Amino acid sequence: MAGGDESPEKKPRSSLEIDEYDEENYHPIEQVRLTVPPTDDPTMPALTFRTWTLGLTSCVMLAFVNQFFGYRQNSLYISSVTAQIVTLPLGKFMARVLPEKKFAVAGRSFSFNPGPFNLKEHVLITIFASCGSSGVYAVSIVTIVKAFYHRQLHPVAAWLLAQTTQMLGYGWAGIFRKILVDSPYMWWPDNMVAVSLFRALHEEEARPRGGLSRLQFFLIVFVTSFAYYIIPAYFFPSISAVSVLCLIWKDSIFPQQLGSGLHGMGIGSFAFDWATVSFIGNPISTPAFAIINILIGFVLVMYIMTPLTYFNNVYGARKFPIFSSHTFDYAGQPYNISRVLNEETFNLDLVGYASYSKLYLSVFFAFTYGLGFASLSATITHVALHHGKTIWTLWTKAKSNLKGKMDVHTRLMKTNYEAVPDWWFYSILVVVFGLSLWACEGFNKQLQLPWWGLMLACAMALFFTLPVGIIQATTNQQIGLNIITEMVIGYIYPGRPLANVAFKTYGYISMSQALGFLSDFKIGHYMKIPPKSMFIAQLVGTVVASSVYFSTAWWLLTSVEYICDPANLPDGSPWTCPGDDVFYNASIIWGVIGPLRMFTGQGVYGAMNWWFLAGAIAPVPAYLLGKKYPEKKWVQLINVPLILSATMSMPPARAVNYIMWGVAGLFFNVYVYRLHKRWWARHAYVMAAALNAGLAFLGVLLYFTLQSYDVAGPEWWGLDADDHCPLATCPTVPGVVVKGCPAL
């Protein structure tokens, strides 16, 4: 939900106050009582012409921009906070200029301008924007089929896949909303930030004497960002990653491995590009404790684990690049997928596999999966240790309170508005499941997933939505099912890459979508949005956003020559698809080869399963340390799952992204926050939104005015969208021959 992108700093466990006293404004959670006003004005219009206009515009623009930039080397993510900030003055402007005359439409009174722009309109606009900014995971399936496997995919099947994987979550949300939304004990901590931001934006603002209003500050930063971005985006792409060691030692492998910010460890690398800085998330809106935990994890993995394993040749690591998301054979060459994949059936060719090679990974990429296993089990242990008692208390109270006393917000909602009928949710579930069956079983079964696979994926999503939702609604932590779903279908139905990714999307993403819908429902609950208006905004926003994401991807995949193929792209072309490259290689690992031939004795990486045990144990010492030294605040902020999952974005993120993100994050959220707190409170989030917005507008303008006509920047050394470390990807053992690398 927009406004909630800035995750709040986790408070000590003892800070959660659950009270039971009886009064008119009763709510059992103290944080909610302090943040959410116990009032409502049911006469305030919500789903107005302004809401539809600004909401749909925001939804379409964010969906287009995020998918457009998602294929680029330095992808850019624009969160709904940007729309939340920008649409406020636009809404007020529309309230000033639109005619107030009323019309009769279908027997009801209608006006383009029903009065002052209000908070409820703003919340619904941001819900639309949130749908546009949240992404469509299934588009990556379309991308790897067309751009990596170079196979045909029926556009209707692809569109249905994008829609149904997003919409199934409505069914799960409808089933569990009485517990996860109506119960006051399911309070969704992250939403407190969203509520606070909405309230701050709608308070009367007086321009400081000699200073700038928030809107003026936003416009200045936006114009500056817009004007500057033409340098790294068009004239001088090389400043998106500058690696000092590579510029000094141009003919040596080892210094380039150490210094490359894109292909190595990134020592001494930096960037002059906000797209590089914000690649893994906006550093300004990330709490300091989270930045520090992530940087600790990054340092442990990149500067301790990786060199120890690589230079000791663990798993034959020195045959391969020190950092890569690609797959390799036993000889250190790129894995020739055509030798193990039957071209006609698109299944694993066991004879071809037996005569070729097991699958190998760079040591960093291999440990990415190990850390993924560890972070999953560590999250379960961490939640059980730190939040288990609270979760159990809130769950038991939620069950006992279903037909008991209503809190003030539930009472106001039930008194003032009609609830969404259950049959709305169930109807969507039935229709979408039917369309999902059509997508999987129709179109010559191009998606490879049989009907029973779809039913199993839906059963997993349904089973996990409630327990994972309880954890997220009480602790702010979501346990991802991506690894579990990949593993389950990989063992049951191996050798089929599209079946694997489709199962993961239906099983994991539909649950994740359901939790996103429920979180937004809770925002509407707190902000007193009419439930039917909320439902309509989310439903329309989801359908529109999914269609725009799919259409943008299909357009680029069919119009940009050699998209996602860096070897054949012209110099300076940004269309390298780093995220989809990782998704493609994951489909080979889990789908084509399968976990049985990767993570057991039949493969190379069977020992990676021990990471499940290591992750389950890892939070225990930190927990015991916190119990022994409760007065040490820094001990309470140690988050082992966050440390273990710190590098889960690598690849496609690179070392330079983490370095610059960490530097910027620490500067704004430690130095500026402590020494200039008033400036930070007033301008930090506005600045983050303006920087992203400036990049987005200039990037789109560049494409439509120059790059789409093959008008590249001037031919010179700085046009290369790389860090000039060609040897960083070379092997370091004799006998492995790679083009462009010196013989050892």
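The legends below describe close-up views of charged and aromatic side-chain contacts in a predicted model.

**View 1. A salt-bridge network joins R177, K178 and D422.** Within this network of R177, K178 and D422, the salt bridge between D422 and K178 has its closest N and O atoms 3.5 Å apart. The whole structure contains 8 salt bridges according to the search.

**View 2. E486 and K504 form a salt bridge between two helices.** The side chains of E486 and K504 meet with an N to O distance of 2.8 Å. Because E486 lies in helix α19 (residues 482-492) and K504 in helix α20 (residues 497-527), the pair ties together parts that are 18 residues apart in sequence. E486 counts as buried, at 5% relative accessibility, and K504 likewise counts as buried, at 4%.

**View 3. E441 forms a salt bridge with K445.** The closest N and O atoms of E441 and K445 are 3.3 Å apart, and E441, with a relative accessibility of 26%, counts as partly exposed.

**View 4. F270 and F272 form an edge-to-face aromatic pair.** The ring centres of F270 and F272 are 5.4 Å apart, and their planes make an angle of 80 degrees. F270 is partly exposed, with a relative accessible area of 28%, and F272 is also partly exposed, at 48%. The count for the structure comes to 47 aromatic pairs.

**View 5. F365 and Y369 form a tilted aromatic pair.** The pair of F365 and Y369 is classed as tilted because the ring planes stand at 55 degrees, with the centres 5.3 Å apart. The two residues, F365 and Y369, are 4 residues apart in helix α15 (residues 363-400), which means that about one helical turn separates them. F365 is buried, with a relative accessible area of 2%, as is Y369, for which the value is 9%.

**View 6. Ring pairs link seven aromatic residues into a cluster.** The members of this cluster are Y170, W423, W424, F425, F517, F521 and F535.

**View 7. Charged side chains sit over the rings of W575 and W554.** The charged end of R72 is positioned over the ring of W575, at 5.3 Å from the centre of that ring. In the other contact, K146 lies over the face of W554, and the distance to the ring centre is 4.5 Å.

Key
Residues numbered from 1 in each chain as written. Predicted model: local features only at pLDDT ≥ 70, side-chain atom pairs only at ≥ 80, totals over all residues. Heavy atoms only, no water. Salt bridge = Lys/Arg side-chain N within 4 Å of Asp/Glu carboxyl O. Buried < 20%, exposed > 50% of the residue type's maximum accessible area, 1.4 Å probe, protein only. Phe/Tyr/Trp six-rings, centres within 6.5 Å; stacked < 30°, edge-to-face > 60°. Lys NZ or Arg CZ within 6 Å of the ring centre and 35° of its normal.
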